[in-house]
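Subject: Structure handover and notes

Hello,

Please find the structure below, followed by my notes on what turned up in it.

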Amino acid sequence: MNSLAACGTIPFRGRLIRTLAFAGFVVPLLVASAIGQAPSTGTILGRIFNPATQEYVRNAEVSIDGTNLVTYSGDDGSYLLTNVPATDVTVSVTYTGYERASARVALTAGQTATRDFELKGALYQPGTKADGAIVQLDQFVVSSEREGNAKAIMEQRASVNFKSVVAADNFGDLTGGTVGEFIKYLPGVVMDYVDSDARTARISGLDPRYASVSVDGMQMATAASGSFDAAGRSFEFEQSSINGIEAIEINKTTTASMDADSPAGRINMRSRSAFDRKRREITATLSLTGNEYSWSFKKTPGPYEGDAYKVRPGFIFSYGEAFKGRFGINLTLGANTVATEQSGVTHQFNYSQPARGPLITQMTFRDAPKLSTRASINLTTDYKLTPHLAISLRTAGSHFDDGTNNRQFLFVVNPAQITPDSSLTSVTAQATANANTRLQLQTSRRNKLNDTVTYTPKLEYKRGDLNLTLGGGYSRSRTAYEQMTEGYFQAVTNRLTRMSWQAQRSSLTSGDWQLRQLSGLPWNDPASFNRADAFSNNVTANPEAGQHRLWIGYLDAKKTVEVLGLPIQFGAGLKSKLSVYDLEKSGNLQYTYVGAAGSMTAPTTVLPTVTRYPYDPKTNSNVGDLGIPLPDVYTTLRMFQANPSQFTPNLITNHISDHYSSRSVKEQIDAGYVEGNTRWKSLRLNLGVREERTRVIGKSQDLIPNAQVQRAGFTPNTIAFTDYQYRHGERSSKYGSYENTFFSGGAKWSVTRNLNLHFAGSQSIGRPGYNNLAGVITVNEAAQTVRIPNPELKPETSDKYFASAQYFLEPAGTLSVSGFRLFVRDMGSRDQTVTAEEAGYADDPEYTGFTFLRPGNAPGTRRIDGGEIEYSQQLVFLPKALRGFSLFGSLTRTRADARINNHVPKSANGGIRYGNSKFNAQVRCTWSAARLTAVNANEEQWQYERLMFDFSGGYRINQTYEITVSGRNILNEPIEGFSNEPGIMRVVNRYGAAWTIGVRGRW
């Protein structure tokens, strides 16, 4: 095993005991030593309150002047300083954007003194004021943007690892309210969009599976698209809502107390707490959301069967209150529906004739409108049982219903049928006596349903500087795709063959194709389709369902002692996590429509079609004006239910999909850690070690070879043959395990009050995808290969080093320059040949001469280097009328030592804001550079760079009510791709700008 995870031959339990020995033996000794020193010291405690926002302040820096004693206030604004010299001392509170507060406290030996502080209202002294006058910022700015920035800055200052933090209200209202649309503005983050949805996040340009996502430190379950593919570990942000979230933080490096499973970084969403404020707060927002392509308050055709409203209502309700400072509750409810257009064209190229150049062999036009409905609940309850003991429960739930009606026209031609005078802007497809030249129509209707719930209970005991936390949680996420149970088939396909067509467009980068039919049956007549060339499985359903469940329990302990005059906080903990991913069902149900005549090509065998719904791929093409009828997935299902005999099933495939497509992975991770933090003058240090053991059980079908099934007396291509081959559903279990040791540490030096230098490093792993652990066993008799999963596949291991210089700009801004280097060993996987014995087939003579393949770790080490520049500032030095302006932005550059598909080398984001006591507005943008997405034999596929703009704003009617406006992708920036070179456009898809108008009340 490599140096990162070097475990030798010491058993895991022994190494874990060694790891925790310091916590179990040395810490108590130091605690006893500290108790012995108590007579000469005392304790100071209190709370920090911000009257401008009516909130208790988190992460305010509290220090004893002239000593190394420094602490940061907790979630409820409380702070505790122990081992304070028994004398008159000065307690100082520092919080960015506010005046430094100080107070003298007379402390006697063994005494506990209480001193509360209130921040002195959001003040700033501009350098242009000759008289030194203090200028008070407008209340609106103080309570929203500036406070959000101040919270983020203090969070970063308090952290011993490197993190980026943004308050959830920092960017105003977001159309759709998804977390993905928010975090795309954090430094180093690029969102991967699936059509119009921000689905997964890349940190520092790396694949989404290298990042983990949690709520209040509790990892969230994710049933990624109900699948078992390589992206199965990627968190999909469609299932999460920004409602009820106070702030989002991205940890670029980790500490020993964090799970070591995120080479790119960890994204944590922190819930709002009722103890943040003194008084009750109720907020309600009512809104309407629509798309620029369908902004109508009347019902219009589509996107499904019948007519529907495209402008939909939404709401957000929140209630927070703390009762006598002991019991607190914060509840947030939200729901909205967004109508979206998804339209465009995709080209398929053939590069097999270098002398002639690339040929377009397929043009696929699509118009795929959809409705996306989201609902969420976030409930936080906190109860202080005693002054030292508190219990909390955080509950987060979400529902996501995403329905798409994808209608496609495919114009297909083989290279041999393309006329010699054709080019990339003019294609003439000649007719053939088969299906090589054709028009193929497909209606694909799917609904993605996701329900996710996360419960995070915690019991916390604080006495002096001793902190014990017993916590855990349960998270469940289930994603399902249903069709037939919802009243439609997933896909219905028609073909018109033995015809010819011609298409012309204005340029290589345009999709404005003008098409016309040259010969064959008329393509605007439903009876023309499926007449000459029969094909199978033109009616399909694809029911899928996957569920991910997580159980987590942990115990953490922290204690601060003084050693040689230095305050050292020791921490140790144990954690256990059980993860179960069940692929409940997968695969196609396939049918061929043969009608009453029993033949697809019979003149009376005509699938139902529909033309009343508008069709527009939004490429300025004439394809929507040709009157071409699209298959009707709803009426086709009703025909199937009424006359199932007119649909010939693919019996074997359907039987396998119904009964033998399930698989599962169970993963148990046990961990322990020890870490220490100390401070010497303006230098803070952190060092920790973490030990993890991972055990995996993969369950999948273990197929019996065809020859052996036939010897048992079964006839191929029968249900009985299939049942025997699949062992009547009995799944075999495969086991794997590995153990890793991780070191982490860092140093933060406050050169001046506003200048910090930060160095950090951490080690982590990227665990294998579920498909590699419990994939399908496939036997290729012709090629004589057997492909098996590999539950013993080891994780990718990584070392990350991070350095940063941060300069904090008053009243609440920052300028930082950062760089990192990441080493990833065994990055990715590839097929490796193993023996029949290693594959478990040593005693099976039927496999003599077969090659056995299973996924193995790719050899070598990849190096990724990167740099980030981040800037944010309120321009309070400008004249008073312009003082409400502020700017923010970041630029990220990463480079790998080898080409990595979908690696984003450059990205940036930024925006400009303006706010005063009545009005606020901000325009934001994100940019990502072109990226390589796929490499084929003669083609490289790229995604173009993309620049997107969003808007949010509001007008305050009075102290209670505000009108809000937000827009997403307001310039309708498409997703585009090219083939081999930027001048050859491969794909373009447009989605339209989405706008939300709302009214908010705050009481």
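Patches are made of residues with over 30% relative accessible area and no salt bridge, where like charges are joined within 9 Å and nonpolar side chains (Val, Leu, Ile, Met, Phe, Trp, Tyr) within 5 Å. Accessible areas come from the Shrake-Rupley method with a 1.4 Å probe, and for residues only the protein chains shown count as cover. A salt bridge is a side-chain nitrogen of Lys or Arg within 4 Å of a carboxyl oxygen of Asp or Glu.

Please keep in mind that this is a predicted model, in which local features need pLDDT of at least 70 and side-chain atom pairs count only at pLDDT 80 or more, while totals for chains, interfaces and linings use all residues. Residues are numbered from 1 along each chain as its sequence is written, and side-chain values use heavy atoms, with hydrogens and water left out.

On the surface, a nonpolar patch is formed by Phe 323, Phe 327, Tyr 383, Leu 385, Ile 391, Leu 459, Leu 470 and Leu 555, which together have about 640 Å² of accessible area. Of these, Tyr 383 sits in strand β26 (residues 370–384); strands (E, at least two residues) and helices (H or I, at least four) are DSSP runs numbered from the N terminus. Tyr 383 counts as partly exposed because its relative accessibility is 33%, given that buried means under 20% relative accessible area, exposed over 50%, and partly exposed in between (1.4 Å probe, protein chains only).

Next comes the backbone. Most residues other than glycine have a negative phi, and most peptide bonds are trans. Here, the bond from Gly 302 to Pro 303 is cis, with omega near 5 degrees, and Pro 303 lies in the loop between β20 (300–301) and β21 (307–308). Lys 681, in the loop between β41 (663–680) and β42 (683–701), has a positive phi near 55 degrees, and Lys 681 counts as exposed because its relative accessibility is 57%.

Arg 498 also has a positive phi, of about 55 degrees, although it is not a glycine, and with a relative accessible area of 38% Arg 498 is partly exposed. What does the side chain of Asp 533 meet in a salt bridge? The partner is Arg 498, at 2.9 Å from N to O. This pair links distant parts of the chain, with Asp 533 in the loop between β33 (514–519) and β34 (539–541) and Arg 498 in the loop between β31 and β32, 35 residues apart.

By the rule given above, the count comes to 50 salt bridges. One of them joins Glu 341 to Lys 618, with the closest N and O atoms 3.6 Å apart, and both Glu 341 and Lys 618 are buried.

About 310 Å³ of space lies in the largest cavity, where grid points are joined across faces, edges and corners, and a volume is the space filled by probe spheres set on the points. The largest cavity is lined by 22 residues, of which Ser 212, Gln 219, Arg 233, Asp 261 and Tyr 770 lie nearest its centre. β15 gives the most to this lining, with three residues.

Best wishes

Methods. 1 Å grid on protein atoms, 1.4 Å probe; cavity = no way out; pocket = protein on both sides within 12 Å on 5 of 7 lines; lining within 4 Å.
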